[in-house]
Amino acid sequence: MTPATKLSLGCVADDYTGASDLANTLTRAGLRTVQTIGVPADDLALPEVDAVVVSLKSRSIEAGLAVTRSRAAESWLRGRGASHILFKICSTFDSTDAGNIGPVMDALRADSSDSIVLVTPAFPETGRTVYQGNLFVGSVPLNESPLKDHPLNPMHDSNLVRVLARQSKTKVGLVDLATLSRGAEAVRARLAELARGGIGAAIVDAVFDRDLETIGQVALDHRLSVGASGIGLGLARALVAAGRAKSDAATAMHESAIGGPAACLAGSCSQATLRQIANAEKVMPVLHLDPERVIAGREEAQRALAWARDRFGAGPILIASSSTPEEVAALQSRHGRDAAGHAIEQAMADIAEGLVQSGVRRLVVAGGETSGAVVDRLGIPGFLVGAEIAAGVPVLRAVGAKHGDMVLALKSGNFGGPEFFSDALALMP
Ligand SMILES: Nc1ncnc2c1ncn2[C@@H]1O[C@H](COP(=O)(O)OP(=O)(O)OP(=O)(O)O)[C@@H](O)[C@H]1O
Ligand SMILES: O=C(O)[C@@H](O)C(=O)CO
């Protein structure tokens, strides 16, 4: 990256699919954006940009480590002139009472010296809205949504004021929709009132994009905000409106075809992904890994690779570890949640590495943790953002990858339409 580049916006994302979702939103809103994997090395050649999204794999790790890594990313971004940092979390507030949203927010807030931080996971385009501090996923509260069965962070409380207060050292307040509907000055006044009461974080309601625009405008008065792609949209629009980014200057991605074999990997067990896999079965060969055999050793990954190599000539293939909530729970009770998750992620990384060694240059991955394991193993340092496959999921072109030119799609578990895998491959010629 050229040293002269001064960032309008710096983003620290707690997983890789979330980072590409945000990079997609910022790009569509007109910011020239790149996604990096971890804090970039000084010699990584990146184009001139308005925003950098540093992807971390910090959502489900020990809280202290998440804080250290997030602060390293923050410091790199501030060093490139970013006056505002967005800590990108999941639109379904994926976390546990141990963290990591609260601890990371507390640390970044201390560094920023902001008296109060705006927090909202709202992303209306994907059905995530917040009302009276309660997060809705589509038409149901978070605790009734499929997130109640998430393999790593089951969400059992939709009231985010309570959820965040359990994780954070600061008191948490609410800016409600009625205040928001009165405009930016009303929001500023409410935030000042909360801050005077010693409250350091405010969950902000948002139902429509116009609410996010108000939030983005107010957030720019601060040095830190916390949220999902929706607040990214608000910030980007506010930056463009303030002339601090060029609205017509999206990062150009080289769109030429890559060709060669294509493969899909699914480690997400979300209902959306399970349905997408079922639909993919109608149009491509699908191999379901045996999770018990994955945990037993590396042979299952080798078996999957041999299966894939036999089929490359005939078109794309899909390899999935995904199971139903009941099967996931049974596996976790036999092996432990983290051990099972880690073993399967590493098998997916083994498979991705073998696929790329066999010539695959078009790869679709479903699941944030799964994508993190795969991209780390492939040693890809960053991405440019291309066409949008579905809300929150762009085509990504690797930059600086040791395997050369390559396109990927990293799908958040809950995102994408029923035919997501075919939709993605159609945009990755
Ligand atoms: N059959 C299975 N049984 C138990 N755990 C599984 C199984 N298949 C995958 N996993 C693990 O479940 C976790 C799924 O997390 P991942 O982040 O990849 O998907 P997701 O949570 O649906 O996506 P996102 O974080 O983008 O919303 C991973 O740790 C993965 O290894
Ligand atoms: O915000 C979202 O829902 C996604 O970008 C994500 O982070 C899922 O892992």
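Predicted model: local features only at pLDDT ≥ 70, side-chain atom pairs only at ≥ 80, totals over all residues.
**Entry 1: the N-terminal span**

I started with residues 9-233, where the end C-alpha atoms lie 12 Å apart. I noted that this span is 37% helix and 21% strand. Helices here are DSSP runs of H or I with at least four residues, strands are runs of E with at least two, and both are numbered from the N terminus. I looked up the record: an unreviewed UniProt entry lists residues 9-233 as "domain: Four-carbon acid sugar kinase N-terminal". UniProt positions are given in the numbering used here, feature names are shortened, and annotations may be inferred rather than shown by experiment.

Residues are numbered from 1 along each chain as its sequence is written, chains are lettered from A and ligands numbered from 1 in the order in which they are written, and side-chain values use heavy atoms, with hydrogens and water left out.

Next I checked residues 264-421. UniProt, in an unreviewed entry, annotates them as "domain: Four-carbon acid sugar kinase nucleotide binding". I found 47% helix and 23% strand over residues 264-421. The end C-alpha atoms of this span are 7 Å apart.

**Entry 2: α1 against α8**

I turned to a helix pair. Helix α1 covers residues 16-28 and helix α8 covers residues 229-241. Their axes come within 9 Å and cross at roughly 30 degrees. Axes are lines fitted to C-alpha atoms, for helices over the stretch in contact, and angles run from 0 to 180 degrees between N-to-C directions. I therefore call α1 and α8 roughly parallel to each other. The scale is this: under 35 degrees is roughly parallel, over 145 roughly antiparallel, 65 to 115 roughly perpendicular, and the rest oblique.

The α1 and α8 crossing is right-handed. A crossing is right-handed if the near helix is turned clockwise from the far one by less than a right angle, and left-handed if anticlockwise.

Which residues in α1 and α8 meet? From α1 I listed Asp21, Leu22, Thr25 and Leu26. From α8 I listed Ser229, Gly232, Leu233 and Ala236. By class, this contact has 4 nonpolar, 3 polar and 1 charged residues. Ala, Val, Leu, Ile, Met, Phe, Trp, Tyr, Cys and Pro count as nonpolar, Asp, Glu, Lys and Arg as charged, and the others, Gly among them, as polar. Contact means heavy atoms within 4.5 Å.

**Entry 3: α6 against α7**

Helix α6 (residues 184-196) packs on helix α7 (residues 209-219) at an angle of about 55 degrees, with their axes 9 Å apart. That makes α6 oblique to α7. I found this crossing to be right-handed. Ala184, Val187, Arg188 and Leu191 of α6 meet Thr214, Gln217 and Val218 of α7. I sorted these residues into 4 nonpolar, 2 polar and 1 charged.

**Entry 4: strand residues**

I looked up Val175 in strand β9 (residues 171-175). Val175 counts as buried, at 0% relative accessibility. Buried means under 20% relative accessible area, exposed over 50%, and partly exposed in between, using a 1.4 Å probe and protein chains only.

Thr129 lies in strand β6 (residues 128-131). Thr129 is buried at 17% relative accessibility. Leaving aside neighbours within four places in sequence, its contacts include Ala122, Phe136 and Val207.

Gly386 sits in strand β16 (residues 382-390). I found Gly386 buried at 4%.

**Entry 5: backbone notes on loops**

I went through the loop between β4 (85-88) and α3 (101-112), where Asn100 lies. A cis peptide bond joins Gly99 and Asn100, with omega about 5 degrees. Phe93 lies in the loop between β4 and α3 as well. Phe93 is not a glycine, yet has a positive phi of about 55 degrees.

Is Phe93 buried or exposed? Phe93 is buried, at 0% relative accessibility.

Last, I checked Ser113, in the loop between α3 and β5 (117-120). Phi of Ser113 is positive, near 65 degrees. Ser113 counts as exposed, at 63% relative accessibility.
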